[in-house]
Amino acid sequence: MKRIISVISAVLLTAGLHFPVAHAEEAPEVAAKAAVVVSADTGEIVYSRNSGEKLPMASTTKIMSALLCIESGDLYEPFVVDSDAIHVEGSSMGLQEGDIVTKYALCCGMLLPSGNDAANAAAVRIAGSNEKFAELMNARAQELGLTKTYFVTPSGLEGVGHGSSAYDMALLASEALRNRVFRDICSSDSIKVEFGNPPYTRWLRNTNKLLSMYSGTYGVKTGFTDEAGRCLVSACERDGKNLVCVTLNDRSDWDDHMAMYDYAFGQVHTVEPELPQDITLPLVGSENDSIHVRIDAPPEPITVLGAGADELTYTVISAPFVYAPVKAGDELGELSIGCGGREIRRIPLCAEEDAPYKSAEVKTKKKLFSGLFSKK
């Protein structure tokens with residue numbers, strides 16, 4: 001009897017999880033006004049429906065707000081929230097006047113319960129006002145090449161001109177997911193944080209039901225307003241392939257994302273980067289005039305639609321010169337892997353051997369140094 005009960009319990013626990021089909025032959029019909037699926041690595045479009053049309057995107061806006069908040073640093077420094085910033089309508093993480101919080105907690109509050117109060121509090125803390133923060137958002141959007149995106153508010157509550165395209169939001173999400181803190185937060189069903197006056201522990205729950213509905217999902221953000229309708233940005237991994245999916249104004253977003261993934265994963269494949277060998281950097285102050293660098297960990301496979309391994313580009317990023325002394329294992333630069341003009345990821349380059357000071361140069365330096373302080 002106990003064995004039967006255990007089996008039934010297991011069935012009940014997995015009944016709500018959609019296991020992806022092996023391959024969907026035909027592109028699905030979706031209810032979204034705009035939709036797109038892209039390679040999370042190359043940005044190649046695998047599926048598209050009006051993906052270049054600018055539309056309101058509601059709280060998926062907070063992808064940019066949270067990313068900028070994380071990148072601003074000092075994530076765990078406590079501070080008192082601005083009283084005016086937290087007085088905002090809509091979804092909330094529960095901030096009250098006088099609450100002591102951290103930027104990390106605000107990022108959790110933005111990405112999980114979609115707190116408008118969290119987005120405003122972060123904006124004021126970082127830039128001094130929502131308007132100044134929107135300037136930072138738009139500057140970063142321009143850096144990322146988001147041509148259909150304009151931010152007015154950090155929360156996604158509509159402002160004149162506030163909007164984006166499904167494709168732009170996919171590119172933004174792909175960039176944000178490269179940040180480990182961002183990815184860890186948005187992939188969590190719930191997170192324990194502390195805030196209040198005095199701060200105390202509480203749990204924040206994620207509004208993204210796709211995390212528990214579709215195997216392999218690891219983000220990203222939900223959104224809804226009357227004007228924008230239901231909006232959803234998600235990311236999913238299967239067999240080493242990584243895709244990002246976006247729907248704007250979609251009454252059937254959960255089902256549509258699952259259907260698009262079932263189709264799109266059958267269209268893409270992965271390639272292994274063919275890394276350059278024998279990379280050297282210019283060296284100053286040692287016996288040799290160059291130093292060999294190595295890649296300690298092989299890069300992950302890259303998800304592509306039509307591109308091949310021969311279309312990947314490799315760029316060494318480092319200072320013009322490496323100055324001795326250097327110890328084996330020291331990080332001296334990075335190798336950037338790109339495709340079609342888009343950077344995919346960077347890999348640390350580490351010294352392969354020690355490079356001590358050149359002995360004659362050390363003696364010269366000691367002589368010069370002692371001469372500065374010798375008596376006339």
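A: Happy to. In this predicted model, the side chains of Asp41 and Arg345 form a salt bridge, with N and O 3.1 Å apart.

Q: Where do Asp41 and Arg345 lie, and how far apart in sequence are the parts they tie together?

A: Asp41 is in the loop between strand E1 (34–39) and strand E2 (45–49), while Arg345 belongs to strand E17 (residues 342–351). The pair therefore ties together parts that are 304 residues apart in sequence.

Q: Are Asp41 and Arg345 buried or exposed?

A: Both Asp41 and Arg345 are buried.

Q: And what does Arg346 meet in a salt bridge?

A: The side chain of Arg346 meets that of Glu334, at 3.1 Å from N to O. This pair links distant parts of the chain, with Arg346 in strand E17 and Glu334 in strand E16 (residues 331–339), twelve residues apart. Arg346 also has a salt bridge with Glu343, where the closest N and O atoms are 2.8 Å apart.

Q: Nice. How accessible is Arg346?

A: Arg346 has a relative accessibility of 40%, so it counts as partly exposed. Glu334 is partly exposed too, with a relative accessible area of 25%, and Glu343 is partly exposed at 26%.

Q: How many salt bridges does the count come to?

A: The count comes to 13 salt bridges.

Q: OK, on to the sheet. In what order do the six strands go?

A: The order is E14-E16-E17-E12-E11-E15, in an open sheet with mixed pairing.

Q: Which strands stand at the edges?

A: Strand E14 (312–318) and strand E15 (322–323) do. Each has a single partner strand, so one side of each is left without a neighbour in the sheet.

Q: What about E11 and E12, parallel or antiparallel?

A: Strand E11 (residues 279–284) and strand E12 (residues 290–294) run antiparallel, and four bridges join them. If you want a spot to look at, Ile279 stands opposite Val293 in E12.

Q: Let's switch to helices. At what angle do H3 and H4 pack?

A: Helix H3 (residues 103–111) and helix H4 (residues 116–127) pack at about 145°, and their axes are 8 Å apart. The crossing of H3 past H4 is left-handed.

Q: Which residues make the contact?

A: From H3, Lys103, Leu106, Gly109 and Met110 take part. H4 contributes Ala118, Ala119, Ala121, Ala122, Arg125 and Ile126. By type, the residues of this contact of H3 with H4 are seven nonpolar, one polar and two charged.

Q: How many residues of H3 are buried?

A: Eight of the nine residues of H3 are buried, so this helix is largely enclosed by the rest of the structure. The buried residues in H3 are Lys103, Ala105, Leu106, Cys107, Cys108, Gly109, Met110 and Leu111.

Q: Last one, zooming out: how many helices and strands are in the chain?

A: The chain has ten helices and 17 strands. Of its 376 residues, 48% are buried. As for contacts between residues at least 6 apart in sequence, 65% join residues at least 24 apart.

Key:
Residues numbered from 1 in each chain as written. Predicted model: local features only at pLDDT ≥ 70, side-chain atom pairs only at ≥ 80, totals over all residues. Heavy atoms only, no water. Axes fitted to C-alpha atoms, helices over the stretch in contact; angles between N-to-C directions. Helix = DSSP H or I, 4+ residues; strand = E, 2+ residues; numbered from the N terminus. Left-handed = near helix turned anticlockwise from the far one by under 90°. Contact = heavy atoms within 4.5 Å. Nonpolar A, V, L, I, M, F, W, Y, C, P; charged D, E, K, R; others polar. Pairing = 2+ DSSP bridges. Salt bridge = Lys/Arg side-chain N within 4 Å of Asp/Glu carboxyl O. Buried < 20%, exposed > 50% of the residue type's maximum accessible area, 1.4 Å probe, protein only.
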